[in-house]
Amino acid sequence: MMRLVLIALMLSVGQLQLKTTGRELSADRLLAAGLITAHHARSVPIIVENVLAIARPDETIELPWRGVMEHLPTVAPSRVRVFDDAGNAVASQVIDSDANGVPELLIFQASFSPNEKKQFVLEDAPAPKAVSRVHVMHDEPRDDVAWESDRIAFRVYGEGLKKTPDAMSSSGIDVWEKSVRTPILEKWYGKSHAGGSYHTDTGEGADFFDVGQTLGAGGTAIWGGDSLYRADNFKAYRITSDGPIRASFELRYDPWSAGDVTVSEVKKFSIDAGQNLYRQESVFTSNRPGEIIYAIGLVKRPGMKGTESKDQSWGWLSGWGPIVPKNGGHGELGTAVLLPRERITDWKETGTHYLAISRATSGQAVVHYIGAGWTASGDFPTPQSWWSYLDQFSLRLASPVRVTFGAATSPR
């Protein structure tokens, strides 16, 4: 009886939290316990369902911000948090990719067993600070943009590289192989600027990958007359988000000559925590109408074998082979690109690349997923494990998790 009196007193002065034995119970959990009525809550339940008969580790759940606002009208980008059904706070991130002050998405992550359903609660309250599992950065001395998840890292070269001793014209994608789950970009660049080298493994992995003037792992180029016409180094960049769940950025490539046409390209990249593949959206713009035939591909390495698949709705092209042993390089590396099966017009093998050939329309986006996996990370001991990851990733792309909002509740 005394406890009920205490609850009534707290609610009568507008307090929506009950403090017992040092623990705070938020409004949604009081509601679930039947201690307050629905009109006092500032939360909404959501159900997330894995519709596939496969596990989905580190699944990113995307909630349209407009939908969040419809169910929690008082919510704001600085005041939204997610709980699981055990009452534990879940790391989340508000995405405003065009920086106009109006978010597009609220995202968070969970892992699912085959066909599993889970319940979460969205609450109008500040989210706790989360440890970031992704990062994107611009390195001023080299004019690189580099990005990483807790699994793997990549980089691409800017125009400023031409002013350094490593001057090079390349739009290819570099791979930095990681054997740790912690961030490495700042540390490895710092090591390099202090006179060390990120090409030597000191227990975290290293840059063992040779890009040079190639596509590297997932670069794009115009394809014509059995030749690749590559862009130069990126001309401008913009970082649009930096964790804790997703890091994203944009690159602009100035027009270049591709046979009898001139083409420019804008690329958008995003990488999520727990993933070896990142999303890349390319918009090619041509000086004349009509289809643009382009290639996306993988540079060959000694001993590397190329494999392709159209078994799923997202087809993939993969290379697997040993790391070049210079500087202590060790283990084997898988690289891959994924794109919608219906957009793959051909596979090509040249003396230097494995390629997927596709078509784009000037000014319209085409989407790919690109990535790599290293045996020394412990995640991919065999090429078959890498191919299985690509197959399952393709299935997950084709069948997103199903999200259902509960009824909105808010204080009167």
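Six elements, namely strand S4 (56-64), strand S17 (236-242), strand S18 (246-258), strand S19 (261-272), strand S20 (277-286) and helix H5 (383-398), each supply at least two residues of the lining of the largest pocket. Helices (H or I, at least four residues) and strands (E, at least two) are DSSP runs, numbered from the N terminus. This is a predicted model, where local features need pLDDT of at least 70, side-chain atom pairs count only at pLDDT 80 or more, and totals for chains, interfaces and linings use all residues. Residues are numbered from 1 along each chain as its sequence is written, and side-chain values use heavy atoms, with hydrogens and water left out.

**The largest pocket**
- The lining of the largest pocket counts 35 residues, and Glu62, Arg246, Ser270, Arg279 and Tyr369 lie nearest its centre.
- Sorted by class, this lining has 15 nonpolar, 6 polar and 14 charged residues (Ala, Val, Leu, Ile, Met, Phe, Trp, Tyr, Cys and Pro count as nonpolar, Asp, Glu, Lys and Arg as charged, and the others, Gly among them, as polar).
- S4 gives the most to the lining, with 6 residues.

**The sheet around S4**
- S4 also belongs to an open sheet of 3 strands, in the order S4-S8-S7 with antiparallel pairing (two strands pair if DSSP finds at least two bridges between them).
- S4 and strand S7 (92-95) are the edge strands, each with a single partner strand, so one side of each has no neighbour in the sheet.
- Between S4 and strand S8 (residues 105-112), which run antiparallel, there are 7 bridges.
- Here Pro64 stands opposite Leu105 in S8.

Technical notes: 1 Å grid on protein atoms, 1.4 Å probe; cavity = no way out; pocket = protein on both sides within 12 Å on 5 of 7 lines; lining within 4 Å.
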